[in-house]
Amino acid sequence: MHGRIKVRTTEEQNLQKHKEQQKKLTAYRMGMKQILATRDADSYNKDSLALSAQLLTINPDIYTLWNYRKEVVLIEIKKSYQDEVADDQKLIHFFEEELRLTEQCLLSNPKSYGSWHHRYWILNHHTKPNWQREFDLCNKYVSLDDRNFHCWDFRRLIVNKIGISLADEIAFSTERININFSNYSSWHYRSTLQILNDENSVANDLILVQNAVFTDPIDTSAWFYLRWVLSHPGITKIQKEDLLNALEQLQELEPECKWIIMAKCWLVKQGNLEKDAICRLKRYYTELIKLDPLREGHYKDCFKVF
Amino acid sequence: MPGSREQENNVVWDTAHLAMTYCALLILLILGDDLSKIDRKGLLQALGNLQREDGSFGSSSEERNDITFSFKEGDMRFVYCAVVIAHILNGYSYIDIQLLCDFIKNSLSYEGSFGQGPLQEGHGGSTFCALASLHILDKLDEVLSENDKELIVRWCLFRQQSGFQGRPNKEEDTCYSFWIGCSLKILKSFKWIDKEKNKVWLSRTQRKFGGFAKYAEGNCREDLGHSYFGICALALMKESELHGLHPALNISKRATQRLKQRMLTTHAD
């Protein structure tokens, strides 16, 4: 009808979507066919290489294409060794193009195993890798999403390459935790730094994690780390008693917080199990069942032991 | 894996991949195949070659033009695939089990979950892969102490919000009702979850045409993967007429029976 805006019905929309998907599927199938048909032991087809970049930008999980690109890189490396003129500029340019592609893919999908792996593989073959730049890239991605474990794992791989010391990493970990106590991945990273190796560092970490749980007791992140610190044999009886008293006070401010009660359970269980301790634990588990009915079965099971 | 049968006219195929091999074998079992056409020795030899020095497994390896490169992508996912493949084909002698168990033990994090590898953050998926591997190898009690198991059970139970999350402070996702659910089953602690809340979550992610989506939000569409995990999660809770699920092998109890029968007639070497 004249004068009316054409509004597509749901059925028309679905049909349109289906057509678009079919187009993408055809392009993908043709692209893969062409790329795989031009695979060769000693040379590669530049159009196929470009096509693989296009397909990977859309879907970086096609690991076959990352592998294809690795083959091409190896061909280039071999050619470069065979060339009489010692000029690795061309090769470096090639490596940099690969890195640019992975960065593009990571921008749209920062969690693709294939992209991170390819990047690290390229860096390990690169004749002049810029590890500092990689480090900065890591920091950028951690700021964008501090739960992206690919990024933390990548960081772990490259810290050794640029000579970052353990002390530097501990300082970095402390900084990340102070920016955001709720940063679970930061706490995990800290746990891998072999940090609890003497009474001083145990005491320091106890203060750090205590600050975190007292600042935001509702968030789970620091509580698990606290439990881990408390399991260290270097924790003294006085430290445990002080913590228990502090938790009692915190509970008055946050009576609905199950983590406080759980932490009290951990501390009481670690001490001698006199009659008083068992009564206390019974009281704690009863409170926990009220506050956290989702895990009632678990708490009852925990208490059965006593 | 066609590694040993590679010829000029099939060299353009995809490189064989451990996860695909795992899927292929399970699919054959589910469909009732007796696996007699599998190149058992070839496959197991190729499997053994994929084990890394740290005990983990990579996904694939490739030799071209005398340049050997085996992809470093070795992690818990492929450890699990390798264990299941070795189990199905009765080929434990082709892999170094002690080294594999060391890798798993070294991947246990401070909070009682398994990462993809040592030092890596614990995650529901890799926790399943680690526990299922140990269970299939009958090494759970040897590798994990009672304290370890207690920590792991607690970590898993605390992933339940209504459905399950894959890591602390992350969103619930249908597939973790499977990964975490199976982990708890393996550690005989599935009974402690809140089944009703889990069912409520799964009913929210199920869409009107029957599939399951990752999240409960309306704009999140159903997909095959999450539909599979959703159904498995219901099977774990023995819902309606679903076949029981073997929590470590990731096949129905019916398919597990077929495997047992087949294994009785296959000899290990």
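The legends below describe close-up views of a predicted model.

**View 1. The largest pocket and its lining residues.** Rolling a probe the size of a water molecule over the atoms shows where empty space is left. In this model, the largest pocket holds about 1700 Å³ of space. Its lining is made up of 46 residues. Those nearest the centre of the pocket are A:Y113, B:R77, B:Q116, B:W179 and B:F229. By residue class, the lining comprises 21 nonpolar, 14 polar and 11 charged residues.

**View 2. Helices that contribute to the lining of the largest pocket.** Two helices of chain A, helix 5 (113-125) and helix 7 (149-159), each supply at least two residues of the lining. In chain B, at least two residues each come from helix 1 (18-30), helix 3 (76-88), helix 5 (124-136), helix 8 (174-186) and helix 10 (224-236). Which helix provides the largest share of the lining? Helix 1 of chain B does, with seven residues.

**View 3. Helix 3 of chain A.** This helix covers residues 63-82, 20 residues in total. From its first C-alpha to its last it reaches 29 Å, close to the 28 Å expected at 1.5 Å a residue. Is helix 3 of chain A mostly covered or mostly uncovered? The helix is mostly covered, as 15 of its 20 residues are buried.

**View 4. The salt bridge between A:R69 and A:E98.** Side chains of opposite charge can pair when their charged atoms come close. Over all chains, the structure contains 32 salt bridges. In the one shown here, the closest N and O atoms of A:R69 and A:E98 are 2.7 Å apart. The pair links distant parts of the chain, with A:R69 in helix 3 of chain A and A:E98 in helix 4 (residues 89-108) of chain A, 29 residues apart. Both A:R69 and A:E98 are buried.

**View 5. The salt bridge between A:K264 and A:E248.** The side chains of these residues meet at 3.2 Å, N to O. A:K264 belongs to helix 13 (residues 258-270) of chain A and A:E248 to helix 12 (residues 237-253) of chain A, so the pair ties together parts that are 16 residues apart in sequence. A:K264 counts as buried, because its relative accessibility is 3%. A:E248, at 28% relative accessibility, counts as partly exposed.

**View 6. The salt bridge between B:K37 and B:D33.** In chain B, the side chains of B:K37 and B:D33 meet in a salt bridge of 3.9 Å, N to O. B:K37 is exposed, with a relative accessibility of 71%.

**View 7. A network of salt bridges in chain A.** Four residues, A:E96, A:R119, A:R133 and A:E134, are linked in this network.

**View 8. The cysteines A:C257 and A:C265.** A disulfide is a covalent bond between the sulfur atoms of two cysteines. How many disulfides are counted over all chains? The count comes to zero. A:C257 is buried, with a relative accessible area of 4%. A:C265 also counts as buried, at 2% relative accessibility.

Terms used
Residues numbered from 1 in each chain as written. Chains lettered and ligands numbered in written order. Predicted model: local features only at pLDDT ≥ 70, side-chain atom pairs only at ≥ 80, totals over all residues. Heavy atoms only, no water. 1 Å grid on protein atoms, 1.4 Å probe; cavity = no way out; pocket = protein on both sides within 12 Å on 5 of 7 lines; lining within 4 Å. Points joined across faces, edges and corners; volume = space filled by probe spheres on them. Helix = DSSP H or I, 4+ residues; strand = E, 2+ residues; numbered from the N terminus. Nonpolar A, V, L, I, M, F, W, Y, C, P; charged D, E, K, R; others polar. Disulfide = S-S within 2.5 Å. Buried < 20%, exposed > 50% of the residue type's maximum accessible area, 1.4 Å probe, protein only. Expected span 1.5 Å × (residues − 1).
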